[in-house]
Structures are given as structure tokens and as C-alpha cells.
Amino acid sequence: MDDNTLHAYIKQVSKNIADEDIPLLISCALNRKLKKGEPLLKEGEVCRSFYLVDRGYLRTWYNKDGTIINLNFTFEGDFTTALKSFKNHQASEVVIEAGEDTSVWIFNLDIIAEQFNSHPVIILFIRRLISHLFLAAEEHSNLFKMYTPTERYRYIEKNNPQLLQRISLSQIASYLGVARETLSRIRGKRN
């Protein structure tokens, strides 16, 4: 990812961040390459970072009684974190791992706070990012509260088609909260 692309991704979250402040933020970031299936955050670890996907995607999931439940897929140009762990400084209940070979930028909050506590623009960026992540989590939660499984699938089809192109059917079914067979029937039906 070149600097212009990284700048653009940061500006998507906080349009008010000045161009001259972005290098301060980037100076705290570490680029890491992950192999498919390699964890970035393990269950039980405290999450102190937020992650920006450069290439590939990250999958956020948890294990419920031996069943993997997919919560989120984060693609190129998007940020993610384990919000509850991040905010409350407690052990993560979720795993964040590479869904395919992935390159990710890791922004460690402790390093940022230590170096840039006197830069209100950086603190404002972090607040806006957390707000952005909360809104995305609410949107996903609302899918389950407001829509039937078929409507959830159609919503994803319309608003996030790359999910359907890059994620396995089993993982999409888990993400949508349906059995794979149900997803196959939904996909087979056309309005």
C-alpha cells in the first residue's frame, strides 16, 4: 500500500485530520504479513490495537460450544478491532485471523497515546474510528433484529457483494446465522 492509499483510508474515517498529522499516526503503525488462518488476536488476549487491512481480509469469529460463529469480515481499506476488549481492557472473546494471505497495518493504542497524547487531532481520529466501528457493529446487529435470513442475504448481496465473492458458503452461512443448506435454498430462490 502506498502512502497516498494509506492517507485516503485514514481520511475516510476522519475527514478533518490534517495531511501533516497523518504521518504522525502512520509512524505508530506496524505492517504485518499473515498466512491464511494465522491469528492476529487470539481469544483471551487483550486487544490494544486497531487493524487496517492492506491486502487480503481478516475474519472475526468466536467458538460457541464447538461451533465457529463468524462475526465480521474486514477487507482492504477497512479497519477492525475487538471493540469490547479494546475499550474495556479485558480478555477478548473473539479471534481475529487472516481469511487469506493478508497484509495488515497494526496501530497500537498504547504507543499512539504515549507519543501523541498532546495531539488532539490524533485522539479525535481514534474516537472517530471507534465510533465508525461501533456503527458497523450496530449495522450487523440490526441485520439480525430487522431482517429474515433471506432479507439478510439480499442485503449482503446488494451492499457487500465482495463478501459473497471471496468468502466460503459455510462461513457466509455462519455470518448470516443460518445453516448452509438454508443458505443454498436462499441462493436458489430469485425474486
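At what angle do the axes of α6 and helix α9 cross?

**View 1. Packing of helix α6 against helix α9 in a predicted model.** Residues are numbered from 1 along each chain as its sequence is written, and side-chain values use heavy atoms, with hydrogens and water left out. In this predicted model, local features need pLDDT of at least 70 and side-chain atom pairs count only at pLDDT 80 or more, whereas totals for chains, interfaces and linings use all residues. The axes of α6 and helix α9 (residues 180-188) come within 10 Å and cross at roughly 65 degrees. Axes are lines fitted to C-alpha atoms, for helices over the stretch in contact, and angles run from 0 to 180 degrees between N-to-C directions. The two helices, α6 and α9, are therefore roughly perpendicular to each other (angles under 35 degrees count as roughly parallel, over 145 as roughly antiparallel, 65 to 115 as roughly perpendicular and the rest as oblique). Pro-149, Thr-150, Tyr-153 and Arg-154 of α6 make the contact with Leu-183, Ile-186 and Arg-187 of α9 (contact means heavy atoms within 4.5 Å). Helices (H or I, at least four residues) and strands (E, at least two) are DSSP runs, numbered from the N terminus.

View 2. Arg-152 is buried without a salt bridge, and Glu-151, the nearest side chain of opposite charge, is 7.6 Å away. Buried means under 20% relative accessible area, exposed over 50%, and partly exposed in between (1.4 Å probe, protein chains only). A salt bridge is a side-chain nitrogen of Lys or Arg within 4 Å of a carboxyl oxygen of Asp or Glu; Lys and Arg count as positive and Asp and Glu as negative, while His and the chain ends are not counted. Not counting residues up to four places away in sequence, Arg-152 touches Leu-143, Phe-144, Tyr-147, Leu-176, Gly-177 and Val-178. Tyr-153, Arg-154 and Ile-156 are among the other buried residues of α6, and the buried residues of this helix pack against α5, α7, α8 and α9.

**View 3. Helix α8 (residues 169-176) and its buried residues.** Ile-172, Ala-173, Ser-174, Tyr-175 and Leu-176 are buried in α8; their cover includes β5 (67-74), α5 (120-146), α6, α7 (161-166) and α9. The axes of α8 and α9 are 9 Å apart, at an angle of about 95 degrees, which makes α8 roughly perpendicular to α9. Leu-169, Ser-170, Ile-172, Ala-173 and Leu-176 of α8 meet Arg-180, Leu-183 and Arg-187 of α9. Gly-177, with a positive phi near 75 degrees, follows α8.

**View 4. Phe-75 in the loop between β5 and β6 (79-80).** Phe-75 is buried, with a relative accessible area of 2%. Phe-75 and Tyr-57 are 18 residues apart in sequence, yet their C-alpha atoms are 4.5 Å apart in space. Beyond neighbours within four places in sequence, the contacts of Phe-75 include Val-53, Gly-56, Asn-160, Leu-163 and Ile-167.

**View 5. Asp-65 in the loop between β4 (58-64) and β5.** Asp-65 is a residue other than glycine with a positive phi, near 55 degrees. At a relative accessible area of 76%, Asp-65 is exposed.
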